[in-house]
Amino acid sequence: MRIYRCPTCQSDIYFRNLVCTCGQPVEFDPVQDQFHPLGTPCANREEIGCNWQAPEPGALCPSCATTEVTPDLYHPDSLGNWAASEAAKRWVLIGMYRLGWFAPGTPRPVFKFLAERTSEGQVHVTMGHANGVITINIAEADPVIRTSRRESLNEDYRTLIGHFRHELAHYMHWVLQETPQFLTAFRWLFGDERADYGSALKQHYANGPRPDWPQFFITAYASSHPHEDWAESVAHLLHLVDILDSAAATGLTLQKSGAPSADPYLQDDSEALITQALDYALAANHINRSMGLQDLYPFVISTPARNKLAFAHDWVRLPHPPRLLQQPL
Ligand SMILES: [Zn+2]
Ligand SMILES: [Zn+2]
Ligand SMILES: [Zn+2]
């Protein structure tokens, strides 16, 4: 993620900031990709701390406007969980803007944010994507709930940002499948996504992943169905681009692989990008261990999995991405 400048004092300001250390309240303008002094705040600013600018007074920002269903706020944790979920969505959407998504005239994703603990009692919420509609379970914002699910599913990594990248990858497939060359190339590499999804997932959860999955897939879950392989691959590609973008923003340079390009979102060379991002990820893993923390990027990538990341990189950068948005989401 980029590090921005305070419009008043020019010091560093971070993507999630509502106020600069100089005291200036600020709002993020996703069209100009910069912070302004507070002027036209998102209508959700007070309630959930959204720091984006709205197109007009009293309106929602382009990110909050994609939320078609807001959660039941009966449980006292739900407001904070919703706020954290919207913050992760903003983080992921700005990366997609930079790859050229959400240009005028393209289909937009919409979100349903649902709580498990509602005024009607406990309900089951399944996260997923269908025809441009993404359902998010806001309970995943709770670190205790998320960690216990990560453990029970035997995952190395589970975050809100990961969920948004995964579900938006399904949305990207839904948009890209209109391009015939995409589907042909996709099926050659990932297999036929028309295979029965319901029974594939049932089989995955009943019997576990195929034992040789690390040789072919980025994660165990990716081995469950071509759609999930794509979603996991795209999410990882987006993670790696963001790691490089953050390294570039902080001025980090690894001697062995050189400085990241100023804007990794515009880099064309898939192989060079993946190699460099993995170098930076491994360096960050080593730094995290100095504090006894979990690895930043706890994955080993086989050649077939890497080829899928390169394919994802070729397709998720839309042709001629506009440097700045012409129109908000
Ligand atoms: Zn300032
Ligand atoms: Zn907002
Ligand atoms: Zn999925």
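Entry one. Are α5 and α10 roughly parallel or roughly antiparallel to each other? A reminder to myself before I start: this is a predicted model. I looked up the axes of helix α5 (residues 180-190) and helix α10 (residues 303-316), and they cross at roughly 170°. Angles over 145 degrees count as roughly antiparallel, so α5 and α10 are roughly antiparallel to each other. Their axes come within 11 Å. Next I checked who does the touching. On the α5 side I found Phe182, Leu189 and Phe190, and on the α10 side Asn307, Lys308, Phe311 and Trp315. Sorted by class, that contact has five nonpolar residues, one polar and one charged.

Entry two. I moved on to helix α4 (residues 160-176) and helix α8 (residues 226-250). Their axes come within 8 Å and cross at roughly 120°. That angle makes α4 oblique to α8. I also noted the handedness: α4 passes α8 in a right-handed crossing. Then I listed the residues in the contact. α4 brings Gly162, Arg165, His166, Ala169, His170, Met172 and His173. α8 brings His227, Trp230, Ala231, Glu232, Val234, Ala235, Leu238 and His239. I sorted the contact of α4 with α8 by class too, and got seven nonpolar, six polar and two charged residues.

Which helix does α2 meet through Ala84, Ser85 and Ala88, among others? It's α4 again, with Leu160, Ile161, Phe164, Arg165 and Leu168 on the α4 side. By class, I have nine nonpolar, one polar and two charged residues in the contact of α2 with α4. For the geometry, I looked up the axes of helix α2 (residues 78-98) and α4: they come within 9 Å and cross at roughly 50°. So α2 is oblique to α4. The crossing of α2 past α4 is right-handed.

Time for the domains. The domain assignment gives domain 1 (1-60) and domain 2 (62-316). How many residues of domain 1 are in contact with domain 2? I found 13 in domain 1, in contact with 17 residues of domain 2. The domain 1 side of that contact divides into nine nonpolar, two polar and two charged residues. I also wrote down the distance between the C-alpha centres of the two domains, which is 25 Å.

Last, I zoomed out. I get 10 helices and 10 strands for the protein. The radius of gyration is 20 Å, close to the 20 Å that the globule rule gives for 329 residues, so the protein is as compact as a globular protein of that length. Along the principal axes, the C-alpha atoms fill a box of roughly 55 × 55 × 45 Å.

Key. Residues are numbered from 1 along each chain as its sequence is written. Chains are lettered from A and ligands numbered from 1 in the order in which they are written. This is a predicted model: local features need pLDDT of at least 70, side-chain atom pairs count only at pLDDT 80 or more; totals for chains, interfaces and linings use all residues. Domain bounds come from an automatic or database domain assignment. Two residues are in contact if their C-beta atoms, placed from the backbone, lie within 7 Å. Ala, Val, Leu, Ile, Met, Phe, Trp, Tyr, Cys and Pro count as nonpolar, Asp, Glu, Lys and Arg as charged, and the others, Gly among them, as polar. Axes are lines fitted to C-alpha atoms, for helices over the stretch in contact, and angles run from 0 to 180 degrees between N-to-C directions. Helices (H or I, at least four residues) and strands (E, at least two) are DSSP runs, numbered from the N terminus. Angles under 35 degrees count as roughly parallel, over 145 as roughly antiparallel, 65 to 115 as roughly perpendicular and the rest as oblique. A crossing is left-handed if the near helix is turned anticlockwise from the far one by less than a right angle, and right-handed if clockwise. The radius of gyration is taken over C-alpha atoms; the globule rule is 2.2 Å times the number of residues to the power 0.38.
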